[in-house]
Amino acid sequence: MIEYVKGELVELSPAFAVVDINGMGYRVNITVNTYTALQVVEGDSQKVVKLYIYESIREDAHELFGFSTKKEREVFLLLLTVNGIGANTARMILSEMTVDELSALIAAGDDKMLKRIKGIGPRSAARIIVELQDKFVGLQASVGVGIPVVNANAGEAISALTMLGFTANASNRAVQQILKDTPDASVEEIIKRALVMIK
């Protein structure tokens with residue numbers, strides 16, 4: 001079992017990273033959140049990265065999934081415990097939202113955002129909420145996952161921003177920041193302020 005890989009970042013894309021360790025290149029599947037974290041390192045002269053690893057070993061493939069934090073890997077592993085959620089679907093979920101955002105949705109029992117993610121239908125979204133709500137309470141206590149403000153207008157605002165061409169991840173972050181400052185903001189107000197923030 002590989003706990004982590006540490007080496008030189010030689011290639012980076014939103015879907016994977018290649019880490020060189022003593023002349024051997026490891027291709028590691030990553031989330032968008034980890035990609036964002038690695039972009040900071042990519043500008044470094046040494047480009048040394050450390051990714052916490054989950055190994056997926058099947059008859060037809062041996063894949064590595066890497067995360068910039070243990071917290072993100074822990075949530076990924078929790079998602080895998082849900083019936084019908086595989087590694088690629090779990091990675092998609094954690095590419096659409098941060099660990100804190102996912103924690104907030106699950107804690108609030110809000111499956112609307114989950115259903116908008118590719119590969120997640122109403123049944124899968126409901127299973128994630130039901131099966132993980134108690135586990136996320138324990139995770140919050142053990143690794144300090146924060147719960148951002150959840151607002152009924154958030155989903156509509158994020159949907160509108162993504163239709164305007166912004167990524168779901170950037171839209172989520174902007175909306176959550178706005179709602180921390182102004183919890184009762186209308187959809188229109190959220191969108192207007194988010195457009196300024198994302199630019």
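A helix here is a DSSP run of H or I with at least four residues, and helices are numbered from the N terminus. By that rule Ala107 sits in helix α4. The structure is a predicted model.

## Overall build

Start with the inventory. The protein has nine helices and five strands. Read from the N terminus, the order of elements is β-β-β-α-β-β-α-α-α-α-α-α-α-α. Of the 199 residues, 44% are buried.

What share of the contacts with a separation of 6 or more joins residues 24 or more positions apart? The share is 56%.

## The barrel

The five strands form a closed barrel in the order β1-β2-β3-β5-β4. The pairing in this barrel is mixed. On average, neighbouring strands are turned by 55° against each other, with direction ignored.

Strand β3 covers residues 24-30, and strand β5 covers residues 62-67. These two strands pair in the parallel sense over two bridges. Asn29 has Phe65 in β5 as its bridge partner. Ile30 stands opposite Gly66 in β5.

Now take strand β4, residues 48-57. Strands β4 and β5 run antiparallel and are joined by six bridges. Ile57 has His62 in β5 as its bridge partner. How many residues does the hairpin use to join β4 to β5? The hairpin uses four residues.

## Helices against the strands

Two helices lie across the strands. Helix α2 lies across β4 and β5, and α2 runs at about 15° to β4. Helix α3 lies across β3, β4 and β5, and α3 runs at about 20° to β5.

## Helices against each other

Two packed helices are described by the angle between their axes and the distance between the axes. Helix α2 (residues 70-80) packs with helix α3 (residues 87-96). Helix α2 also packs with helix α4 (residues 99-108). The table sets out both pairs.

| Helix pair | Angle | Axis distance |
|---|---|---|
| α2 and α3 | about 130° | 9 Å |
| α2 and α4 | about 40° | 10 Å |

Take the pair α2 and α3. The crossing of α2 past α3 is right-handed.

Which residues meet? From α2 come Glu72, Val75, Phe76, Leu79 and Leu80. From α3 come Ala87, Ala90, Arg91, Ile93 and Leu94. By class, this contact has eight nonpolar, no polar and two charged residues.

Now the pair α2 and α4, at about 40°. Helix α2 is oblique to α4 as well. The crossing of α2 past α4 is left-handed. On the α2 side, the contact uses Lys71, Glu72, Val75 and Leu79. On the α4 side, the contact uses Val99, Asp100 and Leu102. These residues divide into four nonpolar, no polar and three charged.

Val32 lies in helix α1, which covers residues 32-42. Val32 and Glu96 are 64 residues apart in sequence, with their C-alpha atoms 7.5 Å apart in space. Is Val32 buried or partly exposed? Val32 has 26% relative accessibility, so Val32 counts as partly exposed.

Ala107 in helix α4 gives another such pair. Ala107 and Asp134 are 27 residues apart in sequence and 8.5 Å apart from C-alpha to C-alpha. Ala107 has 38% relative accessibility and therefore counts as partly exposed.

## A positive phi

Most residues other than glycine have a negative phi. Asn22 has a phi near 55°, a positive value in a residue other than glycine. Where does Asn22 lie? Asn22 lies in the loop between β2 (16-21) and β3. At 80% relative accessibility, Asn22 counts as exposed.

Note on methods
Residues numbered from 1 in each chain as written. Predicted model: local features only at pLDDT ≥ 70, side-chain atom pairs only at ≥ 80, totals over all residues. Heavy atoms only, no water. Axes fitted to C-alpha atoms, helices over the stretch in contact; angles between N-to-C directions. Left-handed = near helix turned anticlockwise from the far one by under 90°. Contact = heavy atoms within 4.5 Å. Nonpolar A, V, L, I, M, F, W, Y, C, P; charged D, E, K, R; others polar. Pairing = 2+ DSSP bridges. Buried < 20%, exposed > 50% of the residue type's maximum accessible area, 1.4 Å probe, protein only. Parallel < 35°, antiparallel > 145°, perpendicular 65-115°, else oblique.
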